[in-house]
Structures are given as structure tokens and as C-alpha cells.
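Below are my notes on the model, as numbered points. Please read them with the structure open.

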Amino acid sequence: MTETMNPSSDDFAAMFESSAAAAAMQEGQVVPATVIRIENDAVLVDIGLKTEGRIPVKEFSMEDKQPEPGDIVDVYLDRIENALGDAVLSRDKARREERWIKLEKSFNNNEPVKGAISGRVKGGFTVDLGGVNAFLPGSQVDIRPVRDVGPLMGEIQPFAVLKLDRARGNIVVSRRAILEESRAEQRAEIVSDMAEGDVRKGIVKNITDYGAFVDLGGVDGLLHVTDIAWKRINHPSEALQVGETVKVQVIRFNSETQRISLGMKQLEADPWEGIDAKYPIGAKL
């Protein structure tokens, strides 16, 4: 009788291991858990403590694969023991912790992150970075002001992380920085293949008193008012409209400053060329 009442050496070892495991664990950290079984709306897991932990099945709804007995999953240890003596665990919080670690790594390595604009807030928008929300200032949505952000909502796209403060849960991202980097690469490619005399198509981006800026597909060139047509033009708007597609010639190009001068009239014959031969002075008409 006494023998059955006293715990065996194996029981002591198991109790010691359980106690040591509990001491090694800290609340607020992610720990590995073994799935024991699924009961109705809960997944029962073992994290090496004296009791099993229960996690709502809905917290696994975003997983690529639903948990099965024997699977190892990372869970967040909220509390080692609640009033009922159970460990309080969360898969959602573990996933968020994993995401934060990846975001910090991307931020430190100056790498873009994937996310989707999910809502509008004062001064900008919220971006869902896979379970972690970030702030996208209105000025960082695009290179130019965007009137309608509707088409961008919910679309998975890259963002640059401008600021990350994990302690405060604060992340600031930029879509504009990604577009500017892409534009810079595109510009470098176009410029490297450019030479004076090239004929290209472009879109009139802006009109000023002295000429028009033409977008050549990632790089802008200046079309001076005197190079638009052979006839006299007082203002570029007399011949051009913003958004209009035009054919231009590269008449001057500085590879160091990347300043590009364009011309339209150069694509047409000079009406004054050979005028003396056609109409010699003193000739009778």
C-alpha cells in the first residue's frame, strides 16, 4: 500500500522536467507546441507544462494547412497559468510576433515588404502587412497626388519601411519610395541607351511659358517653345496639350547632368531652307 502511495523515481523525473520546463518559459514569448487533438472549436496542444493548452480553431483559419495531431506549431505564451490552472496560448499572437521579426529584418536590411492598403485614417491610410498594421502617409502613396485610391485598396504590393518602433507598435511605410526607385532604374536604363538624334515618343506632362516637359517613359525632357514648330508660337499651349502623345527628337543630351533637350520641328524640313534658290532677289514673280 505504501509502495503505491509513494511516487516512483520516474514520476519524480517527470515532475522535475515539467517544473524545469515551466521555469525556462517566460510569458510573452513564442514557444513550440505539439498538437494533441482537436476538440470541437479548440486545438489542444502540449508545450511541456503539466496541463494542456487550448487554442480556438479559428486562430488557425489563415494557415495553409489545418493542424493535425503530432504537428509542431509556434504559439504565443500569454500566461503560464490562469485561474483554472490552464496555460493561456495564442496562435494569432505568435503569427504576429513572427511577422514583427520579419519586418524588423526587412527594415534593418532596407528591403521592401508586402502589404495591402486596408483603410483610410487621418492623414493617410492603414496598410495590412500580414497581420501587422502600418501607417501610410497621404504624401507617400504615389509620386504625384492621387485623387482616387480606390483601385489600390486591397491590392498586395511592395512598400518601403520608413520607420519601425516595435515597442510602440508603430510602423510607417511608403509606396512612393518604391515607385521612385523603380523610376530611377527605368531612367538609368533609358538614359544609357540615349543619343542625340534619337527619335522617340513621349507624353506631354507639364506646360510652362517657356516650353513643355515630355515624359519619355520614365525620364523627362524639355521641349523648348522655339523647338515646337518652325512658325512662331507665343505659348506652348497653342500647339500642345497635357497628356498628348508627341513624337520628338533628342537634339541635346548631357549624360552627366542627364538634361535632355527635345525638338519637334527638327522632324520636319526647314521651310526656309533653300528659299534663296527658290525665290532669288530681283526675280520676277
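1. N40 is exposed, because its relative accessible area is 79% (exposed means over 50%, buried under 20% and partly exposed in between, with a 1.4 Å probe and protein chains only). N40 sits in the loop between β1 (29-39) and β2 (42-46); helices (H or I, at least four residues) and strands (E, at least two) are DSSP runs, numbered from the N terminus. Phi of N40 is near 50°, a positive value in a residue other than glycine. Most residues other than glycine have a negative phi.

2. This is a predicted model, in which local features need pLDDT of at least 70 and side-chain atom pairs count only at pLDDT 80 or more, while totals for chains, interfaces and linings use all residues. Residues are numbered from 1 along each chain as its sequence is written, and side-chain values use heavy atoms, with hydrogens and water left out.

3. N110 also has a positive phi, near 55°. The residue comes just after α3, in the loop between α3 and β6 (113-121). With a relative accessibility of 70%, N110 counts as exposed.

4. Helix α3 covers residues 91-108, 18 residues in total. From first C-alpha to last it reaches 26 Å, close to the 26 Å expected at 1.5 Å a residue (the expected span is 1.5 Å times one less than the number of residues). Its buried residues are R91, A94, R95, R99, W100, L103 and S106.

5. Five strands close into a barrel in the order β11-β12-β13-β15-β14, with mixed pairing (two strands pair if DSSP finds at least two bridges between them). Strands β11 (residues 199-207) and β12 (residues 211-215) run antiparallel and are joined by 4 bridges. N206 stands opposite F213 in β12.

6. Which residue forms an aromatic pair with F213? The count is 1 aromatic pair, and Y210 is the partner of F213. The pair is edge-to-face, at 6.4 Å centre to centre and 85° between the planes (rings of Phe, Tyr and Trp, the last by its six-membered ring, pair if their centres lie within 6.5 Å; planes under 30 degrees apart count as stacked, over 60 as edge-to-face and the rest as tilted). Y210 is partly exposed at 42%, and F213 is partly exposed at 26%.

7. R252 lies in strand β14 (residues 245-254) and is partly exposed, at 47% relative accessibility. Leaving aside residues up to four places away in sequence, R252 touches E196, D227, R259, I260 and S261 (contact means heavy atoms within 4.5 Å). R252 and A195 are 57 residues apart in sequence and 8.4 Å apart in space, C-alpha to C-alpha.
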